[in-house]
Amino acid sequence: MGNKIIITGGCGYIGSHTVVELLENNFEVLVLDDLSNSTEKTLERIEKITGVKPQFIQVDLKDASKTNAIFSKHKDAKAVIHFAAHKAVGESVNNPLKYYKNNLYSLLNVLSAQTENGIDNFIFSSSATVYGTPKILPITEKNETQRPFSAYGNTKKIAEEILEDLINSSDSFAAISLRYFNPIGAHDSGFIGELPSGIPNNLMPYITQTAVGVREKLMVYGTDYPTKDGTPVRDYIHVVDLAKAHVIAVKRLINKKQDEAFEIFNLGTGSGFSVLEVINSFEAVSGIQLKYEVTARRPGDVPQLFASTALAKEKLGWSAEKSLDEMISSSWKWEQNLRALENSKL
Ligand code: NAD
């Protein structure tokens, strides 16, 4: 077929939605994942949606020789989309070495393996966390980056610096770093979504788990921020919109449409919603009254983050289409479906 894409972390939340969009755009997909934060069942669920079960190899990308052996058998791949990483911010503060080892060894091994095997295109899952506490809103890609509060965030900043150095050293290697704002939502089918292990770090799974009774109550960390209602404001983006941006970015790389060998794009909607606004929308969409408690601010939380989406619109021709209500209703459908899926063969 000649359009194979290697997806690391493809059984995870954002990776699985991107695999669906790639398959629906007739790409051939090879998923590499160690299943440390996901399940192999995701592949069958992807097949349910698309009619295609992606090729899969279970591998820990921290293992350089195994990673290289795989890439040497898939030299025909046109690009790599690198999702594989640990992502729990709080855990990374308490156990930074786990995060530096996993996120940076994996990155270095993938970059070494792909460049040694002549695969020159790379897409990186970065994060708005690299902007730290922004001085200017909305955040453009020209905003200065700051050392992130957490080791997790710092792995994203360091990774972008590694990519810059690699690109400066090469005539052929090209990369796009996509800085995600706050991905939420799930596929409309209800077959794939976010699978948080333990107590969720992010608001949406915390809300849906509280609504089904897995968590006793939702904690709201701080109501004294300088925002519209005192709670932090974030730019929530539907995971399917996010996944679609990856397909556009991968085509841009393969077709050599880049303006520069290293490009960076914000992926958000450009609109900020507060924690209380999300809670109110969830209650309206689900008809469920959420039990929540206001508590002290959480270290590292910044008051407001929302993206300027102008560059992604201009260069990628991409902008997010789905509303906050669609994000919430699909997350809610996924949470309710998850238990049924776990009890079925899927
Ligand atoms: P996820 O945990 O659902 O998916 C990551 C996948 O990578 C998992 O399937 C996990 O098993 C796999 N993985 C982890 N370490 C691995 C290793 N050493 N070898 C092989 N596989 C490994 O996370 P996600 O939410 O889908 O995030 C995907 C990427 O996007 C990550 O790089 C994350 O840091 C980044 N990101 C996520 C968010 C968010 O809010 N979800 C925001 C910004 C950036």
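1. Strand β1 (residues 4–8) pairs with β4 in the parallel sense over 4 bridges; strands are DSSP runs of E of at least two residues, helices are runs of H or I of at least four, and both are numbered from the N terminus. Two strands count as paired if DSSP finds at least two bridges between them. Ile7 stands opposite Ile81 in β4.

2. This is a predicted model, in which local features need pLDDT of at least 70 and side-chain atom pairs count only at pLDDT 80 or more, while totals for chains, interfaces and linings use all residues. Residues are numbered from 1 along each chain as its sequence is written, and side-chain values use heavy atoms, with hydrogens and water left out.

3. Strand β4 (residues 79–82) is covered on both faces: Ala79 and Ile81 are buried on one side, Val80 and His82 on the other. Buried means under 20% relative accessible area, exposed over 50%, and partly exposed in between (1.4 Å probe, protein chains only). β4 also pairs in the parallel sense with strand β5 (residues 121–127), over 3 bridges. Within β5, Phe122 is the bridge partner of Val80.

4. Strand β11 (residues 262–267) has 5 of its 6 residues buried, so it is largely enclosed by the rest of the structure. It runs parallel to strand β6 (residues 174–180), to which 6 bridges join it. Ser177 stands opposite Ile264 in β11.

5. The second largest pocket has a volume of about 400 Å³. A pocket is an open set of points on a 1 Å grid over the protein atoms alone, where a 1.4 Å probe fits, with protein on both sides within 12 Å along at least five of seven lines; lining residues have an atom within 4 Å of a point. The volume is the space filled by probe spheres set on the points. Of its 18 lining residues, Glu260, Phe262, Glu263, Ile264 and Leu311 lie nearest the centre. Two or more lining residues come from each of α6 (151–168), β11 and α10 (310–316), and the largest share, 4 residues, is from β11.

6. Helix α8 (residues 239–254) has 16 residues and reaches 23 Å from its first C-alpha to its last, close to the 22 Å expected at 1.5 Å a residue; the expected span is 1.5 Å times one less than the number of residues. Because 12 of the 16 residues are buried, α8 is largely enclosed by the rest of the structure. Among the buried residues are Asp241, His246 and Arg252. Just after α8, Lys256 takes a positive phi of about 50°.
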